[in-house]
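Please work through the exercises below with the coordinates open, and try each task before reading its solution.

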Amino acid sequence: MSPSPPFIQQPSGTIDIAQLLREAIPLAKLIGLVSLIALGPFALAVALGVFRRLFTLLTQFVLAVGGGIVLMYVITRAIQLAEE
């Protein structure tokens, strides 16, 4: 017999809201943390006209690395959920 898919309650076939929130809240916190870290160089790029390009590139780098970290988290959690 195949295992039940994640986020689906087996007897009724409806979406398991509690499990969905347990997975979505840490992901939202991670995305928020990356956004807050990227806000620092972005604010400096807006405030300081002299080093605007440098801080813009730094902001893009932080967002790219943060996006990779978020993607690795999502893939890791998907693998863990598939094994359960």
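This is a predicted model: local features need pLDDT of at least 70, side-chain atom pairs count only at pLDDT 80 or more; totals for chains, interfaces and linings use all residues.

Residues are numbered from 1 along each chain as its sequence is written, and side-chain values use heavy atoms, with hydrogens and water left out.

**Exercise 1. Describe the overall form of the protein chain.**

Begin with secondary structure: the protein chain has two helices and zero strands, where helices (H or I, at least four residues) and strands (E, at least two) are DSSP runs numbered from the N terminus. Next, take the extents, for the C-alpha trace spans about 65 × 20 × 15 Å along its principal axes. Then compare the radius of gyration, which is 19 Å, with the value near 12 Å that a compact globule of 84 residues would have; the radius is taken over C-alpha atoms, and the globule rule is 2.2 Å times the number of residues to the power 0.38. Finally, buried residues (under 20% relative accessible area, with a 1.4 Å probe and protein chains only) make up 17% of the 84 residues.

**Exercise 2. Determine how H1 and H2 are oriented to each other.**

Helix H1 covers residues 17-47 and helix H2 residues 52-83, and they pack at an angle of about 170° with their axes 7 Å apart. The axes are lines fitted to C-alpha atoms over the stretch in contact, and angles run from 0 to 180 degrees between N-to-C directions. Because angles over 145 degrees count as roughly antiparallel, H1 and H2 are roughly antiparallel to each other. By class, their contact has 21 nonpolar, four polar and three charged residues.

**Exercise 3. Locate the salt bridge and state what it connects.**

A search of the whole structure finds one salt bridge, defined as a side-chain nitrogen of Lys or Arg within 4 Å of a carboxyl oxygen of Asp or Glu. The partners are Glu23 and Arg77, whose closest N and O atoms are 2.5 Å apart. Since Glu23 lies in helix H1 and Arg77 in helix H2, the pair ties together parts that are 54 residues apart in sequence. Glu23 is buried, with a relative accessible area of 17%.

Terms used. Angles under 35 degrees count as roughly parallel, over 145 as roughly antiparallel, 65 to 115 as roughly perpendicular and the rest as oblique. Ala, Val, Leu, Ile, Met, Phe, Trp, Tyr, Cys and Pro count as nonpolar, Asp, Glu, Lys and Arg as charged, and the others, Gly among them, as polar. Buried means under 20% relative accessible area, exposed over 50%, partly exposed in between (1.4 Å probe, protein chains only).
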